[in-house]
Amino acid sequence: MTLGTENDDYSSSPGPSLDGSFRKHGSVALVSTTSSTSSKFVPTSKRVYKVLKEYVMELADLNIFRNHLEDWVQENLYSNPSGGEHSFGSPFLIDDLRTFDFALEGILFQQLMRMPRPPYSSENLKEDEYLALEDFLHTAADGLWHAFWHKNKPLPYFVSCPCYPGSKFYTVEKAILRGRLGRLCGAALMSKYKGNTHAHWDNVVKFVLFKQDMTGSEFGFSPPIACEALFYAVHILLSRSLSKYNTVTSDCVFVSVLDSKFGGVVKLGGDLGKLKVDLANPYHSIVEWITCHADVSISPVERIWNKLGNVNWGDFGTLQLLLATFYSMVQWNGPPRKSMDSLAANHSLRLQKRRMECCLIENENALVPYQHENNRHGEIVELEYQNSQNFKKKGSRLKLNPGEILLLEDQFQGQISFQIQEFLDDVNGCSYIAVASENPTKFLTLYIGAHPSCLEPSWEDMSLWYQVQRQTKILNILKDQGISSKNLPEIIASGRIVHSGPCEKQTPKGRCDHPWCGTPILVTCPVGEPLSSVISHDGPISAEEATRCCRDCLSALRSAKMANIQHGDLCPENIMHIIDNQGSRNSSLFVLVSWGRAVLEERDSPALNLQFSSAHALQHGKLCPSSDVESLVYLIYSICGGAMQQQDSIESALQWRQKCWAKRVIQQYLGEISPLLKAFADYIDSLCGTPYPVDYDIWLKRLNGAVDSSAERGKMVEEILRIKDVAESSGTSGSGNSLSA
């Protein structure tokens with residue numbers, strides 16, 4: 001990477017060039033610079049840094065910059081006026097915008113400050129405009145940060161407003177107090193470097209240029225506005241290259257341009273190492289770099305605010321601004337924890353749920369839209385209740401709301417009533433948190449199965465059969481054999497729902513024509529948060545929690561093995577994380593749930609999970625003695641932050657497992673977290689796919705020792721702090737007594 005210079009200031013004598021050597025005037029100095037894989041320009045010598053800093057200070061006049069660049073911008077903007085297109089491509093692909101739109105479906109953006117509308121112009125109007133702009137930028141960044149990066153961590157950005165490139169930054173309130181509101185040019189999203197909220201140009205994450213009225217907005221940016229946006233983009237790029245602390249490795253910058261109605265995005269990127277720094281004519285050299293070496297992209301100008309001053313969050317124009325903000329945040333904070341594609345994938349689930357809600361009925365093997373024979377245009381019509389035998393046999397999924405009472409008929413306990421507290425948004429959508437009427441302080445998990453008439457045509461309802469009927473069978477086997485553990489779910493009640501109205505069933509185990517008659521119910525305890533949700537919200541767990549999770553899951557597997565039962569479906573969604581708030585310390589407990597796919601006999605088939613199932617299960621469709629603990633190793637590796645590739649086939653999943661074990665990827669990663677977990681992975685590596693049994697006892701003993709010693713250390717720290725507090729309290733009161741004496 002090189003940087004060329006032509007400097008007339010040193011023509012009188014052969015002074016030092018930018019690389020520290022001596023050259024005569026007129027030569028071009030080739031300067032070595034540091035370059036990352038993203039081609040970010042970094043000056044490596046103090047001389048280069050000093051000259052570049054002086055060069056940036058010379059680029060201070062927007063009008064001169066515009067005069068040099070405007071003809072080139074105008075030529076490219078209006079290259080095809082009849083087709084409404086220009087030579088500058090858009091910064092965003094339409095497919096990316098569509099995916100981003102799907103990803104933002106579940107995200108709430110709430111701007112509180114409304115954007116005032118022209119043509120009325122006053123000082124108060126501009127104050128309201130900048131307050132609305134500040135709130136818009138903060139709302140966008142806050143929504144994206146908590147949706148893609150961290151749900152609970154505070155936003156690492158703040159909003160500040162400059163007057164011109166190189167000027168100080170002000171909050172809107174401070175600009176009003178100091179009489180500088182009329183000089184503000186826009187707003188910038190700033191990075192809090194190590195918690196520092198002092199605003200500098202090298203900390204600009206995203207800049208928004210605000211104009212009072214973008215003339216010709218409906219037809220795109222005018223050349224003067226495009227030049228002004230590029231002027232600020234150049235200054236941000238050069239400021240980043242001069243920063244000693246900036247960690248951004250990208251060589252591009254996004255600048256949004258807004259007024260009170262419309263908005264768009266300008267993107268500038270390129271290798272600054274190809275910039276020929278000419279202190280005698282800085283504007284000519286920077287324009288030459290833009291026209292010859294830089295990549296300029298300009299988006300269409302679209303409406304942002306409606307007539308009430310609210311943001312059209314789902315519209316095309318706002319999506320462009322949000323996507324530019326998203327890419328800018330990626331430059332500073334790295335890839336998000338939740339990718340755009342993963343959030344967009346939830347669109348199909350929401351779409352299916354909406355289709356289920358909007359006049360869709362089950363028609364044997366398929367879901368088909370219901371259309372009344374007299375209603376061929378799709379209007380919403382009121383339907384009378386159909387008392388036909390065929391309709392009743394269809395059945396419908398039972399939907400319960402908080403506060404409703406559900407009556408369960410248990411074979412051994414009789415009728416028991418439960419009050420619904422909360423709906424659990426799981427994959428099958430059939431779980432609730434409930435309380436028994438006799439004990440309203442204890443929360444329980446209530447599973448509602450599928451109506452028996454729905455089991456054959458619907459695979460989704462078959463999964464409910466595994467979760468309710470089959471899990472009931474497994475938990476009853478454990479209960480009948482006297483096997484209990486705090487790491488296993490406890491069955492509280494099971495049976496069938498008692499529906500309202502008369503029941504016309506002929507036998508105790510029969511069913512009447514009521515759509516809910518015969519629907520199975522399972523009630524278990526305890527209630528907790530799925531481990532997958534914990535990881536999604538808080539990120540990878542600590543070494544202590546990982547060791548505790550491994551111990552608790554191994555304990556549950558050992559207890560089930562006493563009844564010759566294997567779980568067959570270990571994954572983060574099937575492990576409940578429970579916080580015990582009793583005692584002096586909060587302690588965690590992990591419970592292995594969802595035993596519906598457990599393997600009892602040779603003919604039973606486990607669930608197949610491309611990420612967590614054992615290699616033997618994927619290859620043969622059966623479990624070997626070490627299959628569950630092999631899945632446990634993959635799970636511990638994943639929740640500790642290990643890279644789990646998204647697999648698309650059994651073949652790729654098997655290849656990934658073979659590669660990881662052959663290169664000891666899992667052991668090396670776990671070794672940095674806990675030597676004990678690494679040793680456990682080594683032990684499982686020697687058992688994978690073999691007929692040899694797992695020695696649960698020795699590993700539970702080792703894991704118990706590690707967990708108990710960690711708990712004891714925590715208790716000792718708390719006791720020391722408690723004694724210290726008591727001593728300080730006694731010392732304070734003692735000194736008070738001596739003074740009074």
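Is asparagine 564 buried or exposed? Asparagine 564 is exposed, with a relative accessible area of 56% (buried means under 20%, exposed over 50% and partly exposed in between, with a 1.4 Å probe and protein chains only). Welcome to a predicted model, in which local features need pLDDT of at least 70 and side-chain atom pairs count only at pLDDT 80 or more, while totals for chains, interfaces and linings use all residues. Residues are numbered from 1 along each chain as its sequence is written, and side-chain values use heavy atoms, leaving out hydrogens and water.

**The barrel**

- Six strands form a closed barrel in the order 13-14-15-16-18-17, with antiparallel pairing (strands are DSSP runs of E with at least two residues, helices are runs of H or I with at least four, and both are numbered from the N terminus; two strands pair if DSSP finds at least two bridges between them).
- On average, neighbouring strands of this sheet are turned by 45° against each other, direction ignored (axes are lines fitted to C-alpha atoms, for helices over the stretch in contact, and angles run from 0 to 180 degrees between N-to-C directions).
- Opposite alanine 434 stands leucine 444 of strand 16.

**Backbone features in the loops**

- As background, most residues other than glycine have a negative phi, and most peptide bonds are trans.
- Cysteine 525 and proline 526 are joined by a cis peptide bond, with omega about 5°; proline 526 sits in the loop between strand 18 (520–525) and strand 19 (529–530).
- Back to asparagine 564: its phi is positive, near 55°, and this residue lies in the loop between helix 14 (543–561) and strand 20 (575–580).
- Arginine 664 also has a positive phi, near 55°, and belongs to the loop between helix 17 (650–662) and helix 18 (665–671). With 32% relative accessibility, arginine 664 counts as partly exposed.

**Helix 19**

- Helix 19 (residues 675–687) has 13 residues and reaches 19 Å from its first C-alpha to its last, close to the 18 Å expected at 1.5 Å a residue (the expected span is 1.5 Å times one less than the number of residues).
- Its buried residues are Leu676, Leu677, Phe680, Ala681, Ile684 and Leu687. Seen down the axis of helix 19, these fall within an arc of 140°, so they line one face of the helix (the arc is that of the directions from the helix axis to the C-beta atoms).
- Just after helix 19, glycine 689 takes a positive phi of about 75°.
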